Amino acid sequence: YGYGYCEAGKNVFTLFKNRGWEAIIADDLVANTLGLVGLFVGAIMGCIGLILDATTDLYDDAGGDSAAIAFILGLIIGLFIASIALSTFGSGVNAVIVLFAEAPADFQQNHPDLSNRMRQIWAEVYPGSV
């Protein structure tokens with residue numbers, strides 16, 4: 001709320017520390033999961049590059065091992081596209097966690113079913129933190 005980027009980051013870290021949620025920062029499961037999904041998308045795009053190499057003449061002038069070039073090019077393109085698309089999900093998850101930490105009463109008041117479900121699952125994963 002009107003803080004600069006670095007100051008807001010420090011405030012969020014202090015908020016998490018005061019609530020005993022350091023484990024959440026250390027786990028960073030969302031980023032790991034999205035990274036694996038991005039790698040999977042990159043591999044699929046690499047396979048599409050191999051299919052294009054086998055069925056078209058796009059890579060005939062590439063020289064060397066055209067299959068490897070097609071796969072690596074597809075992999076890189078897939079990684080970039082997935083990274084851009086999945087960063088939105090990661091940011092959304094981070095926003096929900098920060099907002100849940102900052103204003104749990106508002107969340108309970110406006111969305112009681114979701115709040116109760118999140119509290120229940122949160123207590124299972126991080127006992128004693130809610």
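Predicted model: local features only at pLDDT ≥ 70, side-chain atom pairs only at ≥ 80, totals over all residues.

**Entry 1: leucine 15**

I started with leucine 15, which I found in helix H1, residues 5-19. What does leucine 15 touch, not counting residues up to four places away in sequence? I noted Val98, Ala101 and Glu102. Then I checked a distance from leucine 15 to serine 66, which is 51 residues away in sequence. From C-alpha to C-alpha I got 53 Å in space.

**Entry 2: the whole chain**

Next I stepped back to the protein chain. I counted six helices and zero strands in its secondary structure. Read from the N terminus on, the elements go α-α-α-α-α-α. The radius of gyration came out at 21 Å, well over the 14 Å that the globule rule gives for 130 residues, so the protein chain is more spread out than a compact globule. I also took the span of the C-alpha trace along its principal axes, about 60 × 35 × 25 Å.

How many of the 130 residues count as buried, as a percentage? My answer was 21%. For the surface, I noted that the protein chain exposes about 9100 Å², and that carbon and sulfur atoms supply 66% of this area. I then turned to contacts with a separation of 6 or more, where residues 24 or more positions apart account for 56%.

**Entry 3: a nonpolar patch**

I went looking for nonpolar surface and wrote down a patch of about 470 Å². Which residues make this patch? They are Phe40, Ile44, Ile48, Leu52 and Leu58.

**Entry 4: isoleucine 72**

I moved on to helix H4, residues 66-102, where isoleucine 72 has its place. Is isoleucine 72 buried, exposed or partly exposed? At 46% relative accessibility, I put isoleucine 72 down as partly exposed. I also checked isoleucine 72 against alanine 43, which is 29 residues away along the chain. Their C-alpha atoms are separated by 9.0 Å.

**Entry 5: an aromatic pair**

I searched for aromatic pairs and the count came to one. Phenylalanine 100 and phenylalanine 107 form this pair, and I logged it as edge-to-face. Their rings sit 6.0 Å apart centre to centre, with 85° between the planes. Phenylalanine 100 is buried, as its relative accessible area is 4%.

**Entry 6: serine 115**

My last stop was serine 115 in helix H6, residues 112-125. Why does serine 115 count as buried? Its relative accessible area is 0%, and buried means under 20%. Leaving aside neighbours within four places in sequence, I listed Pro104, Phe107 and Gln108 as the contacts of serine 115.

Definitions and conventions:
Residues numbered from 1 in each chain as written. Heavy atoms only, no water. Patch = residues over 30% accessible without salt bridge, like charges linked within 9 Å, V, L, I, M, F, W, Y side chains within 5 Å. Areas by Shrake-Rupley, 256 points an atom, 1.4 Å probe, with all protein chains shown as cover. Salt bridge = Lys/Arg side-chain N within 4 Å of Asp/Glu carboxyl O. Helix = DSSP H or I, 4+ residues; strand = E, 2+ residues; numbered from the N terminus. Rg over C-alpha atoms; globule rule 2.2 N^0.38 Å. Buried < 20%, exposed > 50% of the residue type's maximum accessible area, 1.4 Å probe, protein only. Contact = heavy atoms within 4.5 Å. Phe/Tyr/Trp six-rings, centres within 6.5 Å; stacked < 30°, edge-to-face > 60°.
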